[in-house]
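Q: Could you open the model for me, so that we can go through it together?

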Amino acid sequence: MQVHTLYEGSYSVDATKKFIPFDPVKDKAKDRPASLFVHVQPFLVAMEDQLILFDTGLGYSTEEGKLILHENIRKAGFSPDEVTMVLMSHLHFDHAGGMIHQVGEQVELSFPHAVYVIQRGEWESAFSNTSSSYKKEIFEFLQRNAQLHFVEGSGALNAQISYELTGAHTPFHQTFLLDEGDEKVFFGADVLPEPEELLRKFIAKYDFDGRKAMELRQSYGERAAAENWNCLFYHGKSRATGFVTLEDGQFKIQ
Ligand SMILES: [Zn+2]
């Protein structure tokens with residue numbers, strides 16, 4: 001499997017839940033109190049017979065009006081039209097923004113040839129949720145225009161692609177595991193957003209169920225080490241992907 005990191009940018013997020021671009025060269029962290037600093041990076045994975053996109057980023061465009069996500073897919077050597085499956089962990093704006101994009105006055109589906117795979121409970125709660133993390137206009141457009149495939153609970157899309165309903169970050173957050181025999185790729189999304197989160201135990205305020213998220217990080221870390229998963233870190237700053245080892249109760253990222 002070929003994994004490409006589609007880096008969309010570095011941001012700070014505070015209690016308003018807005019993602020403000022953060023340039024470490026000219027911006028100072030101390031000017032943004034009570035903020036979380038994250039990268040946003042969807043992933044493209046070329047499997048034997050599928051081209052998979054994991055989450056779609058904020059959906060920001062370049063100054064020339066091109067979707068950054070599309071540009072990154074082209075840089076990786078593919079066309080956005082070749083994406084066969086968009087696997088969505090959950091529908092917060094920093095993950096779902098790029099499912100559609102603006103072209104001039106028009107809104108277009110970003111991946112017209114792909115099936116968008118979404119956990120049904122997440123989809124339903126995204127419509128009724130009043131939090132600013134969910135942008136309803138995206139889902140309404142998707143409902144009319146996209147090939148949607150809803151999954152419920154945990155299961156498999158085919159022999160290589162499985163999904164697991166985790167909850168924890170949102171009530172219906174899900175993770176994905178790609179398995180082509182010797183090679184396994186794990187997308188933990190916001191249950192395992194940064195490699196450092198494996199190194200210390202903590203309960204995060206931004207999770208719907210912080211204790212469950214902490215327990216899931218521990219068990220995913222153990223499985224990642226035991227089964228040699230290549231882990232994709234959607235918000236990772238120090239690294240975007242990595243393998244995990246576990247020695248004397250301590251995780252390490254290679
Ligand atoms: Zn996120």
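Q: How many positive and negative side chains does the protein chain have, and how far apart do the centres of the two sets lie?
A: The protein chain has 24 positive and 37 negative side chains, with the centres of the two sets 8 Å apart. Lys and Arg count as positive and Asp and Glu as negative, while His and the chain ends are not counted, and the place of a charge is taken as NZ of Lys, CZ of Arg, CG of Asp or CD of Glu.

Q: What should I know about the model itself?
A: This is a predicted model, in which local features need pLDDT of at least 70 and side-chain atom pairs count only at pLDDT 80 or more, whereas totals for chains, interfaces and linings use all residues. Residues are numbered from 1 along each chain as its sequence is written, and side-chain values use heavy atoms, with hydrogens and water left out.

Q: Fine, and how many helices and strands are there in the protein chain?
A: There are 5 helices and 18 strands in the protein chain; these are DSSP runs, numbered from the N terminus, with at least four residues for helices (H or I) and at least two for strands (E).

Q: What share of the residues is buried?
A: Buried residues, meaning those under 20% relative accessible area with a 1.4 Å probe and protein chains only, make up 51% of the 254 residues in the protein chain.

Q: Changing topic, which residues of helix H1 are buried?
A: In H1, which covers residues 68-75, the buried ones are Ile68, Leu69, His70, Asn72 and Ile73.

Q: And what do those pack against?
A: The buried residues of H1 pack against strands E5 (43-46), E6 (51-54) and E8 (100-103), where contact means heavy atoms within 4.5 Å. Just after H1, Gly77 has a positive phi of about 100 degrees.

Q: How do E5 and E6 pair, parallel or antiparallel?
A: E5 and E6 pair in the antiparallel sense over 4 bridges, pairing being assigned if DSSP finds at least two bridges between two strands. The two strands form a hairpin with 4 residues between them, and Phe43 stands opposite Phe54 in E6.

Q: Which residues of E6 lie on each side?
A: Leu51 and Leu53 are on one side of E6 and Ile52 and Phe54 on the other, and all are buried, so that both faces are covered. In a regular strand the side chains alternate between the two faces of the sheet.

Q: What about E7, in which sense does E6 pair with that strand?
A: E6 and E7 (residues 85-87) pair in the parallel sense over 3 bridges, and Ile52 stands opposite Met85 in E7.

How values were computed:
Buried means under 20% relative accessible area, exposed over 50%, partly exposed in between (1.4 Å probe, protein chains only).
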